[in-house]
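Look at the structure below before reading on.

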Amino acid sequence: MAEGKEYFYRPWVGGGYAEGCKGLRTLVVGAHHVCYANRVGGCPVCEGCTNSAGIRGVECPLYEGRDPYYRLENSNEIEIQSYIDNDAGYPAYSAFTHYMLGKRDGLSAEQREGFWNQVAFTNYLQHFLPDDITPDYKGHKALYDYDYESFREVLDELKPEFVIVWSKAVKECIQAHGDLRYVGLADMQSLSVHLFVRKGEARPKCMRKIRYDYSLATPRHNSGWYRKLVREAFQPWVRIDEKMRLLLNHLADALMELTKEGVAFAFEELMCFEEDVTTSHKAMLRDLLGRHIPIPQGIAPALAHIFNDRNIGKYTIAKQSPKSDPITAKIKAVIESNL
């Protein structure tokens with residue numbers, strides 16, 4: 001354990017962490033270490049190393065007589081290096097590394113090292129568990145909450161832009177404390193891979209990259225979510241009677257369709273335009289809506305709220321646009337068919 005630290009386990013920090021994985025400083029978070037000494041026949045220090053208060057100062061019998069590097073507080077580094085060197089079988093590390101590298105077949109030591117050199121890693125719980133069973137968060141809140149300050153200290157030190165969490169229980173604990181913003185669930189079958197960003201780091205360009213690189217599943221951005229977003233954006237500007245409610249519902253359906261057409265995407269509580277959407281396209285969308293929704297003063301501020309773009313009211317349409325501009329065609333078709 002590093003002197004004066006809340007956390008017990010030193011994080012693994014790859015030499016290329018500052019440059020990032022796929023351009024983002026990335027912290028990978030596992031759930032917990034497993035006491036293998038206890039698994040193979042009982043461990044005399046198991047009671048001490050299986051709780052966060054007792055593990056400090058425990059000498060693991062498996063490391064007796066070995067180099068001083070082999071200490072419990074170095075468990076994150078020891079496990080990652082053992083996986084890289086293929087000295088031990090770690091199914092979670094293997095499945096995750098294959099996923100991140102987009103590989104199906106076996107990986108070489110160079111490939112394993114190349115990936116883990118780009119990221120940092122820590123297990124969340126600051127003690128061992130006696131088996132592979134990871135307790136849920138709802139029934140074991142005290143267990144997870146006890147170590148949250150240690151996790152927060154790791155965040156403060158490493159300042160990751162992107163946090164990948166393997167465990168549903170750890171994900172729920174992090175959400176409960178609110179220091180990170182939940183992005184979604186990656187499309188990975190063998191592990192529950194939950195994605196977070198640091199608050200303030202959720203730039204649209206960053207989110208586009210994460211969404212495509214990790215095949216985000218965002219089931220909560222359904223039609224009800226779009227309708228709520230639109231209603232809240234327009235509510236300050238108009239009395240929402242039955243006729244207006246129906247019109248705004250059609251607008252919500254149009255915005256949802258624009259995401260399917262690749263013009264925009266939903267993230268957390270807002271929408272973002274895709275990277276190839278120009279200010280001219282945004283102005284065209286604003287003006288098209290102005291023809292269909294009778295709220296002259298409310299269109300621009302409502303769209304500014306929906307897309308978190310304060311300047312949307314200032315954009316102008318290009319005098320000449322390419323004859324076969326697909327984005328223009330998509331916006332016109334979607335708006336005209338829904339409104």
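Thr122, Asn123, Tyr124, Gln126, Ser150, Phe151 and Val154 line the second largest cavity. Strand S4 (119-123) and helix H7 (148-158) are the elements that each give two or more residues to this lining. The model is predicted, and it holds two cavities of 30 Å³ or more.

**The second largest cavity**

- The volume of the second largest cavity is about 30 Å³.
- Helix H7 provides the largest share of the lining of this cavity, with three residues.
- Sorted by class, the lining of the second largest cavity has four polar residues, three nonpolar residues and no charged residues.

**The largest cavity**

- The largest cavity contains about 40 Å³ of space.
- Around the largest cavity sit the lining residues Arg227, Arg231, Ile240, Arg245, Leu248 and Asn249.
- Two helices, H10 (223-234) and H11 (242-260), each supply at least two residues of the lining of the largest cavity.
- H11 gives the largest share of that lining, which is three residues.
- The lining of the largest cavity consists of three charged residues, two nonpolar residues and one polar residue.

**The two linings side by side**

- How many charged residues are in the lining of the largest cavity? There are three, whereas the lining of the second largest cavity has no charged residues.
- The lining of the largest cavity has one polar residue, while the lining of the second largest cavity has four.
- For the largest cavity, the largest share of the lining comes from H11; for the second largest cavity, it comes from H7.

Conventions
Residues numbered from 1 in each chain as written. Predicted model: local features only at pLDDT ≥ 70, side-chain atom pairs only at ≥ 80, totals over all residues. Heavy atoms only, no water. 1 Å grid on protein atoms, 1.4 Å probe; cavity = no way out; pocket = protein on both sides within 12 Å on 5 of 7 lines; lining within 4 Å. Points joined across faces, edges and corners; volume = space filled by probe spheres on them. Helix = DSSP H or I, 4+ residues; strand = E, 2+ residues; numbered from the N terminus. Nonpolar A, V, L, I, M, F, W, Y, C, P; charged D, E, K, R; others polar.
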